[in-house]
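Please walk me through this structure step by step, with the sequence and the 3D view at hand.

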Amino acid sequence: MEQLLQQLINGISLGSIYALIALGYTMVYGIINLINFAHGDIYMIGAYVGFALTTFLGLGFFPSLLISMLVCSILGMIIEKVAYKPIRNSTRIAALITAISVSLFLEYTMVYFVKPDTRTFPEVLQSKILTLFNGKIIIDLKNIYIILITILLMAGLQYVVHKTKVGKAMRAVSLDKNAAELMGVDVNKTISYTFAIGSSLAGAAGVLVGVYYNTINPLMGVVPGLKAFVAAVLGGIGIIPGAVFGGFFLGMTETLVSAYGGSVFKDAVAFSILIIVLLIKPNGLLGKTIKEKV
Amino acid sequence: MKKNIISFSILTIIYFLVKILLDIGIIDSYLQLNIFLIGINIILAVGLNLITGFTGQFSLGHAAFMSIGAYTSAVFTAKLGQSFIVAILVSGVIAAFAGIFIGIPTLRLKGDYLAIATLGFGEIVRIIALNIDYIGGAIGFNDIPQYTNWTWIFMMTVATVFLIKHFINSYHGRACIAIREDEIAAEAMGINTTFYKVLAFAIGAFFAGIAGSLYANYFYFIKPDSFGFMKSIDILVIVVFGGMGSIEGSILGAILLSIISLFLQGIPELRMVVYSVVLFAIMVYRPTGLLGKGEFKLWKKGAERNVSIESK
Amino acid sequence: MSVLKVNNLSKNFGGIKAVTEVSLNIEKGEIIGLIGPNGAGKTTLFNLLTGIYTPTSGEIIYDLDKKAYTKDLKPHKITHYGIARTFQNIRLFQNMTVLDNVLMGFHSGLKYSIVSTFFRLPSYYKTEKSTYDEALELLIKFNLLDKKNELAKNLSYGDQRRLEIARALAAKPKILLLDEPAAGMNPKETKELNFLIQWIRETFDLTIILIEHDMSLVMNICERIFVFDYGHLVASGTPLEIQRNERVIKAYLGEEALQC
């Protein structure tokens with residue numbers, strides 16, 4: 001029982017990271033129907049920015065987190081303007097390959113400049129162990145930080161999407177781009193904002209991962225990127241609560257599978273769950289069934 | 001008939017020309033490696049083109065079928081001591097069964113969802129291979145006999161291209177294209193869409209299995225990570241670059257992309273960066289591919305704007 | 001002889017009742033018109049008849065070469081029972097040629113194995129050749145022969161409508177369902193369509209059911225008309241009876257229909 005609780009706490013922390021990345025995937029997919037494969041690499045860059053700020057400039061955790069989010073949001077907007085805008089009206093498959101090319105570009109440019117070595121993230125948050133139930137459950141303060149920051153960011157996102165003009169524009173564009181444009185919504189600007197917000201969340205996830213696991217490398221975005229995407233699809237891609245739900249669900253499942261002896265298969269389990277869920281609910285757990293009109 | 005004779009003569013000339021050049025050593029082993037890889041890539045791309053380009057089913061897991069073929073062939077030749085032709089055929093058949101196995105459930109999915117399910121399947125195959133000690137696990141499968149030579153590569157490539165071309169120019173092949181064009185109309189014309197989708201998957205997987213077999217018995221050594229997500233993407237890039245729904249395009253795409261990567265070998269540390277830029281440029285300036293005929297409706301973004309949301 | 005019987009057929013989408021308790025009976029060789037305002041459930045009925053939707057309740061019985069019941073009706077099987085259709089928003093295979101579109105129509109009647117396909121065995125050549133000849137014949141009849149190598153998407157609207165009918169006929173149906181065949185046609189084209197439909201019935205020995213908003217067309221060629229409103233079958237009868245039916249006038253036709 002204690003072990004289960006312990007694993008659940010770890011699962012929530014991992015799930016927070018997935019959820020943060022998944023949000024960006026889902027927002028971008030919702031608005032331009034593009035699987036943004038480069039999203040996992042934005043998360044990697046977020047981690048590197050955090051690393052540079054803490055190691056070379058000696059900044060603290062919170063300033064690094066904020067600056068990293070800012071840098072990532074700018075990067076996201078640049079990627080959208082340079083790479084995705086020219087292919088906005090092209091075929092799905094061309095768009096997908098473009099996204100992959102952007103992803104490769106980010107990964108290997110980073111490999112070229114920072115070398116492929118794994119680096120150690122400095123201890124910016126003091127590791128403080130809390131014990132509960134007479135030491136049967138150990139919670140690192142870092143876990144609490146990660147979970148709190150994730151909740152804060154999600155609440156912020158929820159506010160932006162539902163209570164602000166930008167959020168309303170985002171929802172309008174994702175439902176019908178042409179109609180939104182006719183109603184006076186600046187579609188280009190709205191898409192830019194979406195990329196900015198999604199990327200900043202990925203940046204935050206990058207810094208949090210650096211803090212949590214202490215190591216970063218230029219290809220660190222590939223696997224969590226895919227996993228977060230799986231999380232987004234699990235919840236129903238394009239649906240914001242779906243991404244959060246999918247992220248936590250995947251994080252917890254993975255932690256539990258690893259804890260109970262299946263660690264080598266944990267990635268396979270994630271993908272198996274994905275396939276099974278899609279077979280039962282082809283549009284994700286929270287997705288609506290869309291049927292083509294005849 | 002005249003056309004057949006001409007293509008037969010051209011193929012014979014190519015075969016003997018390369019064979020002689022190989023025998024007298026004008027083609028060195030490095031160039032030979034690349035020629036063989038081109039052949040393997042043509043087989044893979046033509047098979048994937050049947051699935052994605054002709055039948056319109058988005059697949060991001062083609063390398064998994066190649067992996068299944070490669071490991072089957074390795075087991076049959078290295079462990080069971082079977083002849084190469086047996087290994088090739090068994091590899092194809094087992095990969096085809098894998099295609100059917102994954103095809104039947106997942107082909108209810110459409111578009112991006114199918115892409116993700118096939119991606120997931122590819123990763124599952126890779127992870128399983130990593131954990132089976134009998135086939136070497138993460139260390140890889142060693143000491144596979146090297147049976148693959150120019151004759152095998154040439155024969156298999158030509159056979160793949162001809163068989164798939166024959167398939168496409170039949171009523172079965174037309175049914176596949178009709179599914180790509182309009183699934184509902186295809187069903188209304190009496191086409192069993194599930195059957196044809198699974199069939200396309202099985203045929204594509206069969207040839208990918210053969211490609212895997214040729215690959216394994218050329219390199220002595222295979223490991224699960226050679227057939228990961230990026231390999232699937234590489235095959236897809238050949239298909240899209242050559243032109244969706246064009247067999248000639250896939251052949252041309254495989255050759256040109258191999259030449260590009262040959263040049264990029266000279267700058268190892270920037271190779272992937274340049275490759276990504278080339279890829280990007282192709283997608284922006286020629287999204288329909290070299291020999292692509294135009295944009296298919298299915299691949300148009302926003303095609304699903306016509307759907308109405310119904311609760312069922 | 002009855003070829004199609006529908007008993008108490010209903011279809012609900014969530015809370016929306018698209019088709020409610022519809023019963024009808026169609027005889028061999030008739031031309032039947034389905035009319036009613038948009039959203040009255042006509043196309044839904046077509047989709048039920050072709051197995052695209054499964055009924056919420058009620059039954060459909062086809063009595064053609066062999067009997068087919070509601071549970072047998074799967075979209076890809078329906079053609080084999082002798083039913084073919086066109087679509088309201090033309091669904092051609094856009095990037096295939098006119099000829100290939102018609103060849104597609106023959107699909108349900110073709111039989112040679114996949115092995116024969118790969119190795120081009122004699123059965124391949126024999127079937128492909130005879131299908132090809134039949135397709136050309138059909139294209140001649142529909143005046144589309146000179147356009148046989150054009151892509152379907154490049155045809156004019158009227159040609160696309162006709163090609164869709166030709167494709168449906170290639171399946172050699174006993175019942176042909178036409179969903180708004182005159183939509184988007186000018187008066188001249190509609191007139192031609194009028195003759196075309198009658199000619200089809202005679203040449204191919206068919207029963208035809210059509211959904212149409214163009215009253216002159218419907219009143220001209222249909223022997224019986226079924227009127228739908230809010231998913232209910234509100235009236236049925238000959239064109240003359242329908243024109244005089246108070247309820248129909250109120251629901252749909254309007255006053256001016258009485259004068260035509």
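How many salt bridges are counted between chain B and chain A? In this predicted model, the count between these two chains is one, and it is formed by the side chains of B:Asp112 and A:Arg92, which meet at 2.4 Å, N to O. Side chains of opposite charge can pair when their charged atoms come close.

Across the same interface, three residue pairs are found in polar contact, with both residues at pLDDT 80 or more.

We can now turn to chain C and its sheet. Here four strands form an open sheet in the order β2-β1-β4-β5, and their pairing is antiparallel. Because β2 (16-27) and β5 (67-69) of chain C stand at the edges and have a single partner strand each, one side of each is left without a neighbour in the sheet. On average, neighbouring strands of this sheet are turned by 15° against each other, direction ignored. Within the sheet, strand β1 (residues 2-13) of chain C is joined to strand β4 (residues 57-63) of chain C by five bridges, the two strands running antiparallel, and C:Asn7 stands opposite C:Glu59 in β4(C). Helix α1 (residues 42-49) of chain C packs on the sheet, where the helix touches β1, β2 and β4 of chain C, and its direction makes about 115° with that of β1(C).

A search of the whole structure finds 25 salt bridges over all chains, and one of the salt bridges is formed by the side chains of C:Arg91 and B:Asp182, at 2.8 Å, N to O. C:Arg91 lies in the loop between β6 (83-85) and α3 (98-105) of chain C, while B:Asp182 lies in the loop between α7 (171-181) and α8 (183-188) of chain B, so this pair joins two chains.

Technical notes: Residues are numbered from 1 along each chain as its sequence is written. Chains are lettered from A and ligands numbered from 1 in the order in which they are written. This is a predicted model: local features need pLDDT of at least 70, side-chain atom pairs count only at pLDDT 80 or more; totals for chains, interfaces and linings use all residues. Side-chain values use heavy atoms; hydrogens and water are left out. A salt bridge is a side-chain nitrogen of Lys or Arg within 4 Å of a carboxyl oxygen of Asp or Glu. A polar contact is a pair of N or O atoms within 3.5 Å; within protein, one must be able to donate a hydrogen and the other to accept it, and residues adjacent in sequence count only if both atoms are side-chain atoms. Two strands pair if DSSP finds at least two bridges between them. Axes are lines fitted to C-alpha atoms, for helices over the stretch in contact, and angles run from 0 to 180 degrees between N-to-C directions. Contact means heavy atoms within 4.5 Å.
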